Amino acid sequence: MTSVPALAATVDRVALADPLFISDLHLSATHPRTLARFERLLASEARAHAELVILGDLFEYWAGDDATDDDVGNAVIAALRAVAQAGVRVFVMHGNRDLLLGEDFAAAAGATLLADPTLAAIGGETVLLAHGDIYCTRDVAYQRFRAQARNADFQRAFLAKPLAERRAFIGQVRAKSEEVKQATAAEIMDVTPEAIVDAMRAAGVTRMIHGHTHRPATHGFVLDGRSAERWVLPDWNLDAEPPRGGYLTCRSTWQMTRW
Ligand code: MN
């Protein structure tokens with residue numbers, strides 16, 4: 001039986017020694033330079049780290065682990081497997097675009113799927129990791145879609161459809177989502193500050209890392225009398241002018257590298 005991605009992400013606690021975080025690469029055949037930069041990152045910078053942690057939307061879309069004719073998917077799997085074989089632990093969280101990544105993908109890539117959110121122990125600190133879309137609570141229509149798309153029965157039924165039918169459906173959803181994005185106020189598509197505070201308080205953390213919003217930043221604030229920090233990862237598009245992307249590391253200090 002095909003594994004159900006919503007259930008496949010079972011790891012929600014992880015210890016990280018020297019992570020490199022990326023998210024929102026939105027890899028697809030229409031973005032060859034972005035794919036090439038990802039492959040270069042995995043062949044170079046990532047190998048200097050103990051862990052590569054991908055916080056969602058690695059792919060622009062994922063029709064299912066049985067889409068083995070997908071050149072981009074195969075290139076990414078090969079690159080991840082190579083870095084994993086070089087000794088880097090690879091973790092992949094689902095985004096809203098690639099939430100159908102399942103156990104077959106993870107096994108082929110040498111990766112571990114992370115639940116959204118996940119608690120990470122990093123250098124004696126607990127850090128909340130998330131894709132970020134769950135905190136966009138002002139976008140009620142999106143949250144309704146998100147709940148459906150992450151429902152195990154829905155995913156099981158969807159993955160039982162022929163691949164061509166799934167691809168056609170995903171094409172429609174992507175076109176619709178572009179329309180909605182154009183028509184929705186920017187602040188509605190950003191995270192809700194109260195939702196962030198609630199999540200961090202519930203998790204008992206003062207640091208959080210997420211992507212999704214494509215608004216890379218470090219937000220410092222006070223949470224229940226303690227200083228807190230929220231890091232928002234940059235999205236990648238090396239096929240745009242100017243090209244953009246980057247990653248977050250934490251050695252002596254937390255550091256965002258952007259290009
Ligand atoms: Mn996203």
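I looked for disulfides (pairs of cysteine sulfur atoms within 2.5 Å) and found zero in the structure. Cys136 is buried at 2%. Cys250 is buried at 11%.

I noted the basis of the values. This is a predicted model, so local features need pLDDT of at least 70 and side-chain atom pairs pLDDT 80 or more, while totals for chains, interfaces and linings use all residues. Residues are numbered from 1 along each chain as its sequence is written, and side-chain values use heavy atoms, without hydrogens and water.

Next, the metal site. I took donors as N, O and S atoms within 2.8 Å of the metal (3.2 Å for Na, K and Ca); water is not among the atoms, so sites may look incomplete. The manganese ion has Asp57 (OD), Asn96 (OD1), His131 (NE2) and His212 (ND1) as protein donors, at 2.1 to 2.3 Å. Helices (H or I, at least four residues) and strands (E, at least two) are DSSP runs, numbered from the N terminus. Asp57 is buried at 1%. His212 is buried at 17%.

Then I followed E7. Arg207 and Ile209 point one way, Met208 and His210 the other, and all are buried. I counted strands as paired if DSSP finds at least two bridges between them. E7 pairs parallel with E6 (125-129) over two bridges; Leu128 stands opposite Met208. Four bridges join E7 to E9 (226-232), also parallel. Arg207 has Glu229 of E9 as its bridge partner.

Key: Buried means under 20% relative accessible area, exposed over 50%, partly exposed in between (1.4 Å probe, protein chains only).
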